[in-house]
Amino acid sequence: MTKPRYRRILLKISGEILTGDRDYGIDPEIIRQVAQEIKEVVSLGVEIAIVIGGGNIFRGMAASSKGMDRATADYMGMLATILNGLALQDALEKIDVDTRVQTAIEMREIAEPYIRRKAMRHLEKGRVVIFAAGTGNPFFTTDTTASLRATEIGAEVILKATKVDGIYDADPALHKEAHKYEELTYLDVLKKQLKVMDATAISLCMDQKIPIIVFSLKERGNIQKVVLGEKVGTEVRG
Ligand code: UDP
């Protein structure tokens, strides 16, 4: 059997994946599939921490553009990530994957608060740790949360699972001639203003030399392929 390329990974799952073909919310079938893929990677002995987004339920920026106070809207967005986190935990536990949810905003009745050392201990024990509520601060995104938590827990890579199979020079849904990049540097992403992750998230990864692999979750088995070192999606590194 091929040896995994990584020992500890940070998987970023955007909220929009969870909607499937709906406009809003969580598609139970999609979350079951995602959980199954995660289980396959756990069985390779890879430690997995997950940062989950909330865009399928609520996005702070969108609400604030319609007149809502930005900080309040962002707190609502962070709560949305907790809904997704609990749904993913449920789906994973249904298939016997041990998990812990840790929230950056305390909610002790339903999840642990974020404690770095505790998160690392869970990972060492083979549990999947789901980080919810982003960084706990408004004006940030769950992409920034992914780079922050990856740095804190010593993850070797960020796997950013999206609906698109990599990074393109234009939106492939709108432009047929859009070109997909195989590899990019952090500076390329910043200079070309590619919409991979926000600049704060990219800058932190650049400082910490954490590679980012952007790939599609629509294709079955992709997380495992990336973990086993197959060329999937686009890799961003120094
Ligand atoms: N958010 C925030 N601080 C954080 C992380 C998230 O305020 O540290 C809020 C923000 O309003 C964001 C929402 O939570 O729009 C949902 O997260 P995001 O848009 O990053 O989710 P994704 O696009 O991955 O689904």
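**Exercise 1.** Which residues does Ile-38 touch, not counting residues up to four places away in sequence?

*Solution.* The model under study is predicted. Step one is to apply the contact criterion, heavy atoms within 4.5 Å. Step two is to list the partners of Ile-38: Leu-11, Ile-13, Ile-48, Ile-50, Leu-88, Leu-92, Val-128 and Ile-223.

**Exercise 2.** Identify the surroundings of the ligand and its polar contacts with the protein.

*Solution.* Begin with the neighbours: the ligand is surrounded by 21 residues, of which Arg-59, Asp-74, Thr-135, Asn-137 and Thr-142 are the closest. Next, examine pairs of N or O atoms, for which the cut-off is 3.5 Å. In the side chain of Thr-142, an N or O atom is 2.5 Å from an oxygen atom of the ligand. Lys-12 places a polar side-chain atom 2.8 Å from a ligand oxygen atom. Gly-55 contributes through its backbone, a polar atom of which is 2.8 Å from an oxygen atom of the ligand. Finally, consider cover: on its own the ligand has 520 Å² of accessible area, and the protein covers 93% of that area.

**Exercise 3.** Which pocket corresponds to the space taken by the ligand?

*Solution.* The ligand takes up the space of the largest pocket.

Note on methods. Residues are numbered from 1 along each chain as its sequence is written. This is a predicted model: local features need pLDDT of at least 70, side-chain atom pairs count only at pLDDT 80 or more; totals for chains, interfaces and linings use all residues. Side-chain values use heavy atoms; hydrogens and water are left out. A residue is near a molecule or strand if one of its heavy atoms lies within 4 Å of it. A polar contact is a pair of N or O atoms within 3.5 Å; within protein, one must be able to donate a hydrogen and the other to accept it, and residues adjacent in sequence count only if both atoms are side-chain atoms. Accessible areas come from the Shrake-Rupley method with a 1.4 Å probe; for residues, only the protein chains shown count as cover. On a 1 Å grid over the protein atoms alone, a cavity is a set of points where a 1.4 Å probe fits but cannot get out, and a pocket is an open set with protein on both sides within 12 Å along at least five of seven lines; lining residues have an atom within 4 Å of a point. A molecule sits in a cavity or pocket if more than half of its atoms lie within 2 Å of its grid points.
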